[in-house]
Structures are given as C-alpha cells and as structure tokens.
Amino acid sequence: MALQPVYLVAAKNLGKFLDALRHAQPPDKMNLKFVDELGFTSTNDRLFIPLLKAMRFVDDAGKPTSRYHAFLDDTEWKKVLADGIRDAYPDLFRVNRNAHLLSREQLTGKMKSLSEGKPSAAVLGNMVKTFVELVKLADFDAQAEEHIPTPQVEAVPPRMEDSELPAITFPRSEASGPTLVYRIEIVLPAVRDQAIYDAIFRSAKEHLLR
C-alpha cells in the first residue's frame, strides 16, 4: 500500500494550532467551525482535520479519541504526539524505526519511494515539511523508554538463620553419655530446580548419619 499523502500547506502554523488545541475545551466533533473558533480561518487550515484523523486524535466522524484527551496533559503531550506521528506515517516507520532522525533529503527519498512517485513535487515537499515540523514538537525519546525491557533477576534463596536450620541428632548407644546436637549450615546455590535442593539434603543426610 502506498504512503498516504498526509500534509499541510501552511505547516508554519502547526505549533500554534496544536498549542491552541491543548488549551481549548475538546469539541463534540472536530469540524471547520471549531478550527475557525480557534483562530485558524485560512482555507489552508482545513487540512488540520485530516491530519488529526491520520494521527488518530479524532475518529473518522471527527469525534475526539482517548489520544486526543491524553494530548491535553501538559506533561505527556509531546510523547502522545510522537505516538500520533507514528500512526500517521506507519510505512515510513516500518522501513526505518528512527524515521524522525532522517534528514530532509533522506525523507524526500523515502516518501517518494513509498508513495510510488504519485505525489507532485509540491505535494511531496509539503509532506516532508509537515513531517519535519511535527517531529520538532514531539518527544520520541520519552516514548522509546517505555519499550526498554525490565531485566529479569533470578531470585537467590535467602540465607537460613540459625534458628531455621534443621537439627541433626546422631544416634547413641545406651552406654553413651549426654546426646550431642550439631547444627550444620548448608549454603544453597541460586538455582530454580527443586531436584538439586533435594539431592543436596539427601546427600547430607546419607553422609552425616553414617
């Protein structure tokens, strides 16, 4: 499937528009009237709506999604925007997971190839310009941190206290004196196989009770 032509003609207003969006009450439906009320009345500003749909900030009917509402969080909006950019340009991030780090020249080449050469030079230029302006505002590093796997640490059996150690009593004959009780401390290896622990105690019993 060819790369969809997601772009703005007036990308210079993108930052102002997103800032206005974050500080406004979410609409019941994203439409031209709401965009006009935010102060963006140019015909070029109408392209903000399909861009928001591509980023899944609003659904096909224009209703704000959970991502839109998450975008209103002052501490999270840059990360949310990065998520939206990935959804708006899935093919670009599929061929290069770090597409946000590409130069303009590299972006132009990738977008031209992915769109199968269909967009005109002007449209292709707007696609690249829009992507670059979006990336400037987003925080991809914060998003990447979420995917760092937590290292798995193998649990080490706790050291047994003296009071927890099993007492081993050696048998005595009737003529022997008082019974002697020895406490043997066994340091267990950090393994998951219960059979190894069983073998250690079985060996200790066989050798100590001879």
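This is a predicted model: local features need pLDDT of at least 70, side-chain atom pairs count only at pLDDT 80 or more; totals for chains, interfaces and linings use all residues.
**Briefing: loops, a helix pair and the nonpolar core**

Lys29 is placed in the loop that runs between helix 1 and helix 2 (32-37).

**Lys29 and its surroundings**

- With a relative accessible area of 48%, Lys29 is partly exposed, because a residue counts as exposed only over 50% and as buried only under 20%.
- Although Lys29 and Gly62 are separated by 33 residues in sequence, their C-alpha atoms are 5.0 Å apart in space.
- When residues up to four places away in sequence are not counted, Lys29 touches Phe34, Ala61 and Gly62.

**Helix 1 against helix 8**

- Helix 1, which covers residues 14-22, packs with helix 8 at an angle of about 50°, and the axes of the two helices are 10 Å apart.
- That angle makes helix 1 oblique to helix 8, since angles from 65 to 115 degrees would count as roughly perpendicular and those under 35 degrees as roughly parallel.
- The crossing of these two helices, helix 1 and helix 8, is right-handed.
- On the helix 1 side, Leu14, Gly15 and Leu18 take part in the contact, and they meet Thr130, Glu133, Leu134 and Leu137 of helix 8.
- Sorted by class, the residues in this contact of helix 1 with helix 8 are 4 nonpolar, 2 polar and 1 charged.

**The largest nonpolar core**

- The largest nonpolar core holds 48 residues, and the members that touch the most others are Leu21, Leu81, Ile85, Tyr89 and Phe131.
- At least two residues of this core come from each of helix 1, helix 2, helix 3, helix 4, helix 5 (77-88), helix 6 (90-95), helix 7 and helix 8, and helix 8 gives the largest share, with 7 residues.
- Ile85, leaving aside its neighbours within four places in sequence, is in contact with Met55, Phe93, Phe131, Leu134, Val135, Ala138 and Phe140.

**Two loop residues with positive phi**

- Most residues other than glycine have a negative phi.
- Arg56 is not a glycine, yet its phi is positive at about 60°, and the residue lies in the loop that joins helix 3 (48-54) and helix 4 (66-71).
- Glu116, also a residue other than glycine, has a positive phi near 60°, and its place is in the loop between helix 7 (104-114) and helix 8 (121-137).
- Glu116 has a relative accessibility of 53% and therefore counts as exposed, the cut-off for that class being over 50%.

Technical notes:
Residues are numbered from 1 along each chain as its sequence is written. Side-chain values use heavy atoms; hydrogens and water are left out. Helices (H or I, at least four residues) and strands (E, at least two) are DSSP runs, numbered from the N terminus. Buried means under 20% relative accessible area, exposed over 50%, partly exposed in between (1.4 Å probe, protein chains only). Axes are lines fitted to C-alpha atoms, for helices over the stretch in contact, and angles run from 0 to 180 degrees between N-to-C directions. Angles under 35 degrees count as roughly parallel, over 145 as roughly antiparallel, 65 to 115 as roughly perpendicular and the rest as oblique. A crossing is left-handed if the near helix is turned anticlockwise from the far one by less than a right angle, and right-handed if clockwise. Contact means heavy atoms within 4.5 Å. Ala, Val, Leu, Ile, Met, Phe, Trp, Tyr, Cys and Pro count as nonpolar, Asp, Glu, Lys and Arg as charged, and the others, Gly among them, as polar. A nonpolar core is a set of buried Ala, Val, Leu, Ile, Met, Phe, Trp, Tyr and Cys residues joined through side-chain atoms within 4.5 Å.
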